[in-house]
Amino acid sequence: MSASLPLSRYHPDSLARWSIRAATETCACCKCNTGWIYTATFYTAYEVNGRFCPWCIADGSAAERFAGEFTDSYGLDGVSEDVLHEVTRCTLGFDAWQDPHWFVHCKDAAAFIGEVGSTELAAHAEALDQLRTDMRLDGWHHGSQLEHFLTHLGGGATAMLFRCTVCGAHLAYADAS
Ligand SMILES: [Zn+2]
Ligand SMILES: [Zn+2]
């Protein structure tokens, strides 16, 4: 059953872990009960009575019908219109404390891997280094505070982990309440 779930290149590990879950719920778009329902963000000016099944997200019908987006285009600079369309309108979004944003690497959108704590992040040294550098640029000049923050991810703050769809490099940004 789960093998037949439609998976986007940009959110490949969507098997109910982050943004969809098994549920007997009627999809607000196709009115079917597919057994799966999407639980994260959708931005639209219209009123939507209910949530969507992953199929109506993957084929773009939910986004088209309600003129909405699952992910804001913030951060998606320098990618083609097709990629922008696929990430914002045909790919599962994710919930975050702050407005979620997406990474671009090698001129393509990266794939969202998931929300991780410091242990998982430490397994991807390049992502940890990049996050540290970004946070310094962001104004975290106090080295020990920054290291404390990075080693305590998983509590009140987490990291959003992505992987480049071209070169495979991991990327992360910090999300906190
Ligand atoms: Zn549907
Ligand atoms: Zn890359």
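Me: What span should the 13 residues of helix α5 have at 1.5 Å a residue, and how far apart are its end C-alpha atoms?
Reply: Helix α5 (residues 125-137) should span 18 Å, and its end C-alpha atoms are 18 Å apart, which agrees. The expected span is 1.5 Å times one less than the number of residues. This is a predicted model, where local features need pLDDT of at least 70 and side-chain atom pairs count only at pLDDT 80 or more, while totals for chains, interfaces and linings use all residues. Residues are numbered from 1 along each chain as its sequence is written, with chains lettered from A and ligands numbered from 1 in the order in which they are written.

Me: What follows α5?
Reply: G139 follows α5, and its phi is positive, near 115 degrees.

Me: How many helices and strands does the protein have?
Reply: Six helices and seven strands, in the order β-β-α-α-α-β-β-β-α-α-α-β-β along the sequence. Both are DSSP runs numbered from the N terminus: helices are H or I with at least four residues, strands are E with at least two.

Me: Which domains is it divided into?
Reply: Domain 1 (1-96) and domain 2 (103-177), with bounds from an automatic or database domain assignment. The contact between them takes 16 residues from domain 1 and 13 residues from domain 2. Two residues are in contact if their C-beta atoms, placed from the backbone, lie within 7 Å.

Me: Which residues touch the most other members of the largest nonpolar core?
Reply: A110, L121, A159, L161, F162 and A172, out of 23 residues in that core. A nonpolar core is a set of buried Ala, Val, Leu, Ile, Met, Phe, Trp, Tyr and Cys residues joined through C-beta atoms within 7 Å. Buried means 20 or more other C-beta atoms within 10 Å of the residue's own, with C-beta atoms placed from the backbone; exposed means 12 or fewer, and partly exposed is in between.

Me: Where does that core lie?
Reply: Both domain 1 and domain 2 give residues to this core, so it lies between them.

Me: And what does A159 contact, leaving aside neighbours within four places in sequence?
Reply: V116, L121, L131, L153, A172, Y173 and A174.
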